[in-house]
Each structure stands twice: as structure tokens, then as C-alpha cells.
Amino acid sequence: MDLGQALSDLYPTLVRFALSLTKAKDAAEELVMEVITNMLERQTQFDDSINIQAYAMRSVKNKFIDS
């Protein structure tokens with residue numbers, strides 16, 4: 001699994017989701033980039049059984065709630 005490519009493909013979806021939460025494009029993009037950065041830093045923890053889209057969406061939501 002190429003996590004970088006998967007996250008690149010998911011980027012537009014993640015930004016739309018983050019925008020629905022933040023209501024601000026800049027904040028949404030920043031939120032998504034933080035999540036992507038965190039996931040790439042921990043990419044060795046992911047295996048093929050993990051649903052990357054669900055994990056990323058949940059991470060965006062959790063990061064939004066935390067901030």
C-alpha cells in the first residue's frame with residue numbers, strides 16, 4: 001500500500017469534509033494537512049487491513065474537535 005498516493009487521492013474528499021466542519025477553506029486545508037502529516041509520520045503503523053479513508057476522515061473529525 002502506498003500511503004502517500006492514497007492520501008493524495010483522498011485529499012479533495014478530506015478537504016470537503018473538513019470544510020463542512022470548519023466553514024473556512026484555509027482552516028479546512030490546514031486541518032487536512034496536519035492529519036496527512038501525522039499519518040505519513042506514522043505510516044509504519046498502517047497495514048493493508050486498515051481502511052485509510054475511514055481512518056483519515058475520523059482523524060480529521062477528531063483533530064477538529066480537539067481544536
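Predicted model: local features only at pLDDT ≥ 70, side-chain atom pairs only at ≥ 80, totals over all residues.
1. Residues are numbered from 1 along each chain as its sequence is written, and side-chain values use heavy atoms, with hydrogens and water left out.

2. L40 is found in helix α2, residues 25-41, where helices are DSSP runs (H or I, at least four residues) numbered from the N terminus. Leaving out residues up to four places away in sequence, L40 touches L3, G4 and L7, a contact being heavy atoms within 4.5 Å. From A18, by contrast, L40 is 22 residues apart in sequence and 18 Å apart in space, C-alpha to C-alpha.

3. Helix α1 (residues 3-22) packs with helix α3 (residues 52-66) at an angle of about 40°, their axes being 9 Å apart; the axes are lines fitted to C-alpha atoms over the stretch in contact, and angles run from 0 to 180 degrees between N-to-C directions. The two helices, α1 and α3, are therefore oblique to each other, the class left once angles under 35 degrees (roughly parallel), over 145 (roughly antiparallel) and 65 to 115 (roughly perpendicular) are set aside.

4. On the α1 side the contact involves residues including L3, L7, L10 and L14, and on the α3 side residues including I52, A56, V60 and F64. The residues of this contact divide into 13 nonpolar, three polar and one charged, where Ala, Val, Leu, Ile, Met, Phe, Trp, Tyr, Cys and Pro count as nonpolar, Asp, Glu, Lys and Arg as charged, and the others, Gly among them, as polar.

5. The largest nonpolar core has 16 residues, and those with the most contacts inside it are L7, V32, M39, I52 and V60; such a core is a set of buried Ala, Val, Leu, Ile, Met, Phe, Trp, Tyr and Cys residues joined through side-chain atoms within 4.5 Å. The elements that give two or more residues to this core are α1, α2 and α3.

6. With residues up to four places away in sequence not counted, M39 touches L3, L7, F46, I52, Y55 and A56. Y55 belongs to helix α3 and is partly exposed, with a relative accessible area of 29%. The C-alpha atoms of Y55 and M39 are separated by 9.4 Å.

Methods: Buried < 20%, exposed > 50% of the residue type's maximum accessible area, 1.4 Å probe, protein only.
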